[in-house]
Amino acid sequence: MYNETAKQKFDALKDNPDALILGIESSCDETAAAVVRGGRFVMSNVISSQIEIHKRFGGVVPEVASRNHTLALPDVIDEALRQAGVTAREIDAVAVTYGAGLIGALLVGVSSAKAFAYACGLPLIAVNHIEAHVAANYIADTALQPPFVALVASGGHTLLLDISEYNRYVALGGTLDDALGEAFDKVARILGLPYPGGPNVERLAKEGNPAVSFYKHPKGVREDLALSYSGLKTAVVNYVHACRQRGEEVAVADVCASFTHEAVGLLARTAAEAMKRTGRKRLVLAGGVASNGDLRRALEREGKTHGFDVTYPPPVLCTDNAAMVAARAYFMARDGKGLADLSLNAKSHIPFAFGREENA
Ligand code: KG4
Ligand code: ZN
């Protein structure tokens with residue numbers, strides 16, 4: 001019986017520090033598969049990006065993303081196995097992102113993972129995308145262990161998590177409206193910069209003067225550590241429209257630098273307050289925006305002032321990938337968590353309960 005075999009193999013993962021996990025990720029516009037050994041060592045990390053396909057639309061078109069995942073995923077999985085030098089028979093478990101993300105896109109990964117697991121008699125492990133982003137750090141720093149505070153900043157989330165154990169955490173605060181990556185993308189779009197906006201805004205911000213005062217966040221941080229980016233985004237949009245209406249040229253680099261300065265400043269102050277409250281000594285960054293140099297430097301400055309270390313993965317492990325999914329699954333399985341069956345469904349939203357301990 002498939003479920004019994006899968007359960008036995010799942011239980012065996014606990015005592016196998018060399019477990020080979022195939023990770024599958026398709027929550028947005030990257031089709032990815034990877035093989036990771038023991039949750040820390042990447043044997044392969046294949047990412048087929050759809051950026052070029054979505055560029056002409058100025059953002060990700062969900063239906064186009066799903067179709068392209070369907071086309072790309074079989075080859076991406078084959079390539080991940082080939083580069084890792086293993087066959088499907090040598091894999092110990094299959095891990096897949098089941099949420100949060102674009103529902104149609106997620107379904108492609110979830111269905112493929114189910115089929116692979118069923119065909120090979122392997123356990124299927126359901127992974128939360130945000131937790132996977134954090135787990136990228138276990139690969140980047142093979143000695144990293146909880147406790148630490150994680151700051152996840154991606155296109156869909158901006159979240160501070162106090163991670164006390166591998167599978168235990170409290171959500172400390174997050175955005176009330178737009179995610180930071182989303183704000184970067186929208187600012188880029190109004191400035192006419194190509195998708196995805198974040199890296200282009202970062203590049204131009206280097207040449208700009210952060211002196212445009214289209215908006216000022218209150219200097220402090222909110223008591224509940226909540227963040228908000230829609231006000232800043234709207235202020236940038238209004239500023240750009242006003243310039244255009246007056247027939248003035250928009251100082252694109254200055255807008256990028258000023259937006260970044262405000263956005264990063266708010267996040268750095270809030271993260272520093274989270275470090276103070278928790279007393280943790282390490283802040284770990286995750287998600288696409290964690291590859292932003294201005295954010296890294298601002299947090300490192302806070303770390304120097306307040307006495308905590310800041311670590312982050314290389315850019316390829318910050319943006320969406322499947323190695324982080326396999327890594328997350330390994331640490332779940334070690335605690336007997338995450339085993340799914342063929343009824344696993346995709347979820348577009350997975351809410352975080354702020355201030356309450358979550359047993360992942
Ligand atoms: O984690 P990710 O690949 O996908 C989601 O889970 O959303 O994050 C993508 C987001 C996009 O909004 C992109 O613009 C942003 O990360 N991003 C950046 C940078 N690189 C990617 N934002 C600012 N600076 C960057 N260098
Ligand atoms: Zn992501």
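User: How far is an oxygen atom of ligand 1 from a polar backbone atom of Gly156?
Analyst: That gap is 3.5 Å. Keep in mind this is a predicted model: local features need pLDDT of at least 70, side-chain atom pairs count only at pLDDT 80 or more, and totals for chains, interfaces and linings use all residues. Residues count from 1 along each chain as its sequence is written, chains are lettered from A and ligands numbered from 1 in written order, and side-chain values use heavy atoms, leaving out hydrogens and water.

User: Which other backbone atoms sit by a ligand oxygen?
Analyst: Gly155 has a polar backbone atom 2.8 Å from an oxygen atom of ligand 1, and a backbone N or O of Gly198 lies 3.0 Å from one. The protein covers 89% of the 560 Å² of accessible area (Shrake-Rupley, 1.4 Å probe) that ligand 1 has on its own.

User: OK, which residues come nearest?
Analyst: Of 19 residues around ligand 1 (a heavy atom within 4 Å), the nearest are Gly155, Asp185, Glu202, Gly288 and Asn292.

User: Asn292, what does that do at the start of helix 10?
Analyst: Its side-chain oxygen reaches to within 2.9 Å of the backbone nitrogen of Asp294.

User: And how many residues does helix 10 have?
Analyst: Helix 10 (293–306) has 14 residues. From first C-alpha to last, helix 10 reaches 20 Å, close to the 20 Å expected at 1.5 Å a residue (times one less than the residue count).

User: Which of its residues are buried?
Analyst: Gly293, Leu295, Arg296, Ala298, Leu299, Glu302 and Gly303 (under 20% relative accessible area, 1.4 Å probe, protein chains only).

User: What comes after the helix?
Analyst: Gly307, with a positive phi near 80°.

How values were computed
Helix = DSSP H or I, 4+ residues; strand = E, 2+ residues; numbered from the N terminus. Buried < 20%, exposed > 50% of the residue type's maximum accessible area, 1.4 Å probe, protein only. Polar contact = N/O pair within 3.5 Å; in protein donor to acceptor, adjacent residues only side chain to side chain.
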